[in-house]
Protein chains: 2
Amino acid sequence: MDTNKPGLRHSQISEEIIEQVERQLAEPPSLWLNLTGAQILEEEGQDSKDIVLPNNRSQVTHIAIDIGGSLAKILYYVRDTTSPSSSSSEVHENVSDRGGRLSFVKFETSKIDDCIQLMKQLIQDHARESRRKPVTVMATGGGAYKFYDRMSEELNVEVIREDEMECLIKGLNYLVSCIPGEVFMLNPETCEMAFEEQFHDEKYPHMLVNIGSGVSILKVTGPSKFERIGGSSLGGGTLWGLLSLLTHASSYDEMLELSKKGDNAAVDMLVGDIYGENVGYERFGLKDSTIASSFGKVFRENKRLDEFLPEDIARSLLLAISNNIGQIAYLHAQKHNVKNIYFGGSFIRNHVQTMHTLTYAIKFWSNQTMNAYFLRHEGYLGVFGAFLKYARAESNVPVPPIS
Amino acid sequence: MDTNKPGLRHSQISEEIIEQVERQLAEPPSLWLNLTGAQILEEEGQDSKDIVLPNNRSQVTHIAIDIGGSLAKILYYVRDTTSPSSSSSEVHENVSDRGGRLSFVKFETSKIDDCIQLMKQLIQDHARESRRKPVTVMATGGGAYKFYDRMSEELNVEVIREDEMECLIKGLNYLVSCIPGEVFMLNPETCEMAFEEQFHDEKYPHMLVNIGSGVSILKVTGPSKFERIGGSSLGGGTLWGLLSLLTHASSYDEMLELSKKGDNAAVDMLVGDIYGENVGYERFGLKDSTIASSFGKVFRENKRLDEFLPEDIARSLLLAISNNIGQIAYLHAQKHNVKNIYFGGSFIRNHVQTMHTLTYAIKFWSNQTMNAYFLRHEGYLGVFGAFLKYARAESNVPVPPIS
């Protein structure tokens, strides 16, 4: 494998690193999926999250689902059948020699019917392709419990439930370690993404702040060693819920679009609004533009909802919730002596304003000593972890080691 | 002075304690106001905050104002002229021998005109009573800067500006030390108020979490030694602002009344809503009833604002903001190794649900090792501090020591 091939610097991964990961992530059974050469698929104009695995030869007989409070995510493997392999001389019935791809799909949890329908379809497709082994569903998130009976009955396959937090951590570990171009930081000045090409010097401990409907904060001290050290009920569900009452936006993406155009100073009370302009409260590092009170101008000005711009409301609420999460994350990191903080969960959605606010908060409060990391698959940590948790101990197909 | 007089246990204060306070608060000039025997006035059916000072003989020639982002508070002294003294043989022209009372009034900052009007009236009344010395206005809060020129011009008296945080701390110190029945805790089980009759064993360090429009967190290590260690933009202004957009309530008291009747489970996503009933997520101490996401049910259920009860919305938002402040307060207290946390500011308004949520948060996260204290004059710390900052060095009237 030529890891120095031009243009592929971000998309391939060296043998040395793979070995390092193998040692770090040594958990029985060893990983059966060949992630060598994994590459995030870039399709122009499309927000694809698919990951191409050109070197995977093992047959995949399971799908994974992570059902959260607001969103459900499905992850499944698709063999690449587009053209015959030029390098392989043998073609086995059930083994692709062209590799394949990991496909990620998300639904609103309220549309669980559609979600189950997709799984049914995937199970039927699999049955047509191969009769050797039935599909297994790896399920995580609270909905793995809530919808367990329904999935078992309607899908008529084995459904294995996996702990939500364990899946998050496993997903995070493998995404960080094995998927090039997955992890990045945001430059707080220019808002440019800076991709991490190498492992951090200190991999452990780190912290995962997973922002879904609510927030979970996990401290990770080893490949499968972690504890839930905190959380907050002010998360994505709060933003989506309040904005769906306060604006005309009917989807989260619309809300994020609104927030891009808004000016929070129309609803937030700034230090300058209280002290007057050019006075500030510098003694305590509070500038004129510091938000003293989110939505603090609304009551004072005695205006009705239709007298405010939905853009301004969206911007204010996004800032309020992101700032708050950033502050709580910093305080937990400080308490537990952790420097590197990964932000995951569907709240972020690679939205620059959100990532900037979180980065700024961490940098500001930690006096530049802590780092905020983001992930391309930020909302899919749990489903990726559940997918990888599938153990192929009973499989007839040989388990290829990571190499 | 008979400190053992029955029925006055809470309302008077021993010489020994006064001496202790005097030592602890030794700041030149010594306190010119005699707080011995101070008593919070209880008037049936009235939410009075007035403090009776039966032993004060000094003439008071100033008023204090604290102008925050949402609320402005005025504090002035009224001589007791109801009946002649039976114990005093001399009556001086300008010195009351019956003591007097401290009167507290609050306005919305948007009604600053009414506020200035009251100050004008007080200044005129003073001028009629005594011509010896003009009134001084002690002003604090951001509005002391924003409205300085206007107050100076319209009132035509000296306006002295004092630092907001210094006033908060001075006000807190004197309220805690000198006003019996001022400080209390809330029993998290029964919601009963438990009044503090004695000083804490460890007076310093303590923390003040002042919740006005926004939140300021101060660590206090001595009578006038403190630093601002944190804050949050999610405070009273956020609650008032969002509820004025989401409900028909037109005053903060109406919002609090609404919240008493509401059920937050109608809008909040609970752990049980995600995992299904009786499953929970006990591994991480998350019960069925734990709020996973504030307002998390709203977007999922795709309902309009008029399909929710304003009571439920008010309850949810009050819980969300109180919980969040409690958590941030705990994290700061932990970081700074502080056990005793005072909650002040007009957000609290002695509302049982709010105080219960804050108490519960502190007790829960600190594993019962920290204490949450509340104050009868929670919203008047700053104005009380500004009032006490008035130095009578130039006065002709003798300065009576605290005794």
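The legends below describe close-up views of a predicted model with chains A and B.

In this predicted model, local features need pLDDT of at least 70 and side-chain atom pairs count only at pLDDT 80 or more, while totals for chains, interfaces and linings use all residues. Residues are numbered from 1 along each chain as its sequence is written, chains are lettered from A in the order in which they are written, and side-chain values use heavy atoms, with hydrogens and water left out.

**View 1. Chain A laid on chain B.** A turn of 180 degrees and a shift of 0.0 Å along the axis place chain A on chain B with an RMSD of 0.0 Å. The two copies are thus related as by a two-fold rotation axis. The superposition is by least squares on the C-alpha atoms of residues with pLDDT of at least 70 in both copies.

**View 2. The interface of chain A and chain B.** Contact (heavy atoms within 4.5 Å) joins 67 residues of chain A to 67 residues of chain B. Of the interface residues of chain A, 100% are also interface residues in chain B, so the copies meet through the same surface. The buried area is about 5,300 Å², and carbon and sulfur atoms give 64% of it. Buried area is the accessible area (1.4 Å probe) that two parts lose on being put together, summed over both.

**View 3. Pairs and residues on the side of chain A that touches chain B.** Across the interface of chain A and chain B there are 21 residue pairs in polar contact, both residues at pLDDT 80 or more. A polar contact is a pair of N or O atoms within 3.5 Å; within protein, one must be able to donate a hydrogen and the other to accept it, and residues adjacent in sequence count only if both atoms are side-chain atoms. Helix 10 (residues 310–335) of chain A gives the most to this side, with 10 residues. Helices (H or I, at least four residues) and strands (E, at least two) are DSSP runs, numbered from the N terminus.

**View 4. Domain 1 and domain 2 of chain A.** Domain 1 covers 21–180 + 382–395, and domain 2 covers 184–267 + 308–375; the bounds come from an automatic or database domain assignment. In chain A, 20 residues of domain 1 are in contact with 21 residues of domain 2. These domains bury about 1,700 Å² between them, 67% of it on carbon and sulfur atoms. Helix 1 (15–24), strand 4 (71–79) and helix 5 (164–178) of chain A each give two or more residues to the domain 1 side. Helix 5 of chain A gives the most to that side, with 9 residues.
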